[in-house]
Amino acid sequence: MPFGRLASATTPTAHIGLGLAAVGRPGYINLHRDRDLHEDRSVDALRERTHELLDAAYAQGVRYFDAARSYGRSEEFLGAWLAARPEVRDVVIGSKWGYTYTADWNIDAEAHEVKDHSLATFERQRAETDALLGDRLDLYQIHSVTADSPALTDKELHARLAELAADGVSVGLSTSGPAQADAIRAALTVRVDGAPLFRTVQATFNALETSAGPALAEAHEAGLTVIVKEAMANGRLAGTDAPAIVQEIAAEAGLGSDAVALALVLHQPWAGVVLSGAATVTQLAGNLHAPLVGLDEERRSQLDALVEEPDAYWRHRAALPWS
């Protein structure tokens, strides 16, 4: 497992990863992108922004980087950064397949990505990823699996994924939607020749949406590495958009609301890697202060009161505009 490289890490930031969803394409659903990104969202501008973030993250101890076929040019940007820094060998590189980016670098596109978990899509996107990341890819995840996804039952796809794993690339999945727990538990039952297929699971978990927690604990017990995405709920738990109790804890710690949101996830015993989705170097620096936040039982109880019903949370997320 590539995440074994993090086991001996001496810095807490090694267990914070950098996700490239917000900078690999000009449009995304995070709040305040008009403030976070300059008006120039050209390919060159976002390539430069991505490389600045990767440099800053690596310098501060981050060792997991997360891309996807649907994150615009994220694999291209990441691959170019790695190629220019051949001495960087202690990182773990993950990407995802299953969504095709369709916005053509247009923020106002009618559809930004199209989901398809078929074997044909895997074969096409695996070749595309290989052309950009080559042998630097450590982890390939099925993107946004739900309990009814054919990716959980397609034996031919499973056999092909097992071949990929035999070639040295770990196989994982990410989940989304109000029934993440069902998808995670279904994934734990998938086996090829008697051996579990999936070695990692990436799921949404934050102060507002905790429903996947018990299933993630089960995945951790089963030996999977758990990667947490959207710990700041697409910006709802950051800055002045954060609930009052999050801002209060942040003020006491002399840090930002984003650090508190990430700290809550880092406190989960099953959390292996927690992703920052920073769009700026300043945001990244704030995120990386998360290990400094102490959350005692009283504070965690106060944060528990923020939890929303999963259906309501995911309806709210689906209504966020691409900007």
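Trainee: How many helices and strands does the protein chain have?

Mentor: There are 12 helices and 12 strands in the protein chain. Keep in mind that this is a predicted model.

Trainee: What share of the residues count as buried?

Mentor: That would be 55% of the 323 residues. Also, take the contacts between residues at least 6 apart in sequence: 79% of them join residues at least 24 apart.

Trainee: OK, on to the strands. Which ones make up the barrel?

Mentor: The closed barrel has eight strands, in the order β1-β2-β3-β6-β7-β10-β11-β12, and the pairing is parallel. From one strand to the next, the twist averages 25°.

Trainee: Can we zoom in on one pair? How many bridges join β10 to β11?

Mentor: Five bridges, between residues 200–204 of β10 and residues 225–229 of β11, with the two strands running parallel. For instance, threonine 200 has threonine 225 in β11 as its bridge partner.

Trainee: Which strands does helix α9 touch?

Mentor: Helix α9, residues 257–266, packs on the sheet and touches β1 (16–19), β11 and β12 (273–276). The direction of α9 makes about 160° with that of β12.

Trainee: Is α9 mostly buried or exposed, and why do you say so?

Mentor: Nine of its 10 residues are buried, so α9 is largely enclosed by the rest of the structure. The buried residues are Ser257, Asp258, Ala259, Val260, Ala261, Leu262, Ala263, Leu264 and Val265.

Trainee: What covers those buried residues of α9?

Mentor: The cover includes strands β11 and β12, plus helices α8 (244–253), α10 (281–287) and α11 (297–304).

Trainee: Switching topic: how do α4 and α5 sit relative to each other?

Mentor: The axes of α4 (residues 119–133) and α5 (residues 155–166) come within 9 Å and cross at roughly 25°. Angles under 35 degrees count as roughly parallel, so that is what α4 and α5 are.

Trainee: Which residues make that contact?

Mentor: From α4 you have Leu119, Phe122, Glu123 and Arg126, and from α5 Glu156, Leu157, Arg160, Leu161 and Leu164.

Trainee: And how do the residues of that contact divide by type?

Mentor: Five are nonpolar, four are charged and none are polar.

Definitions and conventions: Residues numbered from 1 in each chain as written. Predicted model: local features only at pLDDT ≥ 70, side-chain atom pairs only at ≥ 80, totals over all residues. Heavy atoms only, no water. Pairing = 2+ DSSP bridges. Helix = DSSP H or I, 4+ residues; strand = E, 2+ residues; numbered from the N terminus. Axes fitted to C-alpha atoms, helices over the stretch in contact; angles between N-to-C directions. Contact = heavy atoms within 4.5 Å. Buried < 20%, exposed > 50% of the residue type's maximum accessible area, 1.4 Å probe, protein only. Parallel < 35°, antiparallel > 145°, perpendicular 65-115°, else oblique. Nonpolar A, V, L, I, M, F, W, Y, C, P; charged D, E, K, R; others polar.
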